[in-house]
Amino acid sequence: MASFFTTALKSFKGNEEEPPKEPPKDGKAATLPNGMAREEFEEYQRQLLEEKIERDKAFAQKKAERATLRMHMRDKYRLPQDERDDAQVHVAGGTVELPQELAAMVHSEEEDEEEEDDGAFAFLTKMREVNLPALRDRALGSVDEMKEKCVLM
């Protein structure tokens with residue numbers, strides 16, 4: 001886009017070529033508009049680049065942690081996996097461990113689901129533990145007490 005405007009501008013000027021700008025010949029470092037020396041400016045640019053790389057790494061790590069959490073949740077609820085999550089983990093370096101808080105959250109939800117998931121099977125296993133003769137005797141005792149208290153029964 002910029003080259004388009006540059007060529008259009010040159011065509012209006014009559015195709016006059018500007019001589020290329022050369023660095024100063026006096027051997028001194030050129031002063032940049034903001035008052036920095038070239039070395040300071042290059043160091044500043046290097047620091048900015050390093051900070052950007054660190055931010056990008058941290059961002060990729062967070063994205064991979066989120067993808068790992070989604071993968072765990074999909075495993076837990078037996079949902080189909082998404083290949084984008086696998087790609088995020090791969091970009092971050094392969095294996096990504098969940099932070100302890102997130103791992104605890106996933107595992108606590110798994111335990112809750114296991115307790116709720118048993119449903120009828122859990123009910124039947126608990127019925128085995130019930131002492132039916134003791135339950136029958138208790139119910140009959142309650143009925144006898146009610147007969148004594150209530151004249152209509």
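Colleague: How far apart are Lys52 and Asp56 in helix α2?

Modeller: This is a predicted model, to start with. Lys52 and Asp56 are 4 residues apart in helix α2, so about one helical turn separates them. They form a salt bridge, with the closest N and O atoms 3.0 Å apart.

Colleague: How many salt bridges does the structure hold?

Modeller: There are 5. One of them joins the side chains of Glu43 and Arg46, at 2.6 Å from N to O. Both residues sit in helix α2, 3 residues apart, about one turn of the helix. Glu43 has a relative accessible area of 35% and Arg46 has 41%.

Colleague: What about Arg74, which side chain does it meet?

Modeller: Asp85, in a salt bridge of 2.3 Å from N to O. That pair links distant parts of the chain, with Arg74 in helix α2 and Asp85 in helix α3, 11 residues apart. Arg70 belongs to the network too: salt bridges that share partners join Arg70, Arg74 and Asp85.

Colleague: Is Asp85 buried or exposed?

Modeller: Buried, at 3% relative accessibility.

Colleague: What does Glu65 touch, leaving out residues up to four places away in sequence?

Modeller: Val96, Glu97, Leu98 and Pro99.

Note on methods:
Residues are numbered from 1 along each chain as its sequence is written. This is a predicted model: local features need pLDDT of at least 70, side-chain atom pairs count only at pLDDT 80 or more; totals for chains, interfaces and linings use all residues. Side-chain values use heavy atoms; hydrogens and water are left out. Contact means heavy atoms within 4.5 Å. A salt bridge is a side-chain nitrogen of Lys or Arg within 4 Å of a carboxyl oxygen of Asp or Glu. Helices (H or I, at least four residues) and strands (E, at least two) are DSSP runs, numbered from the N terminus. Buried means under 20% relative accessible area, exposed over 50%, partly exposed in between (1.4 Å probe, protein chains only).
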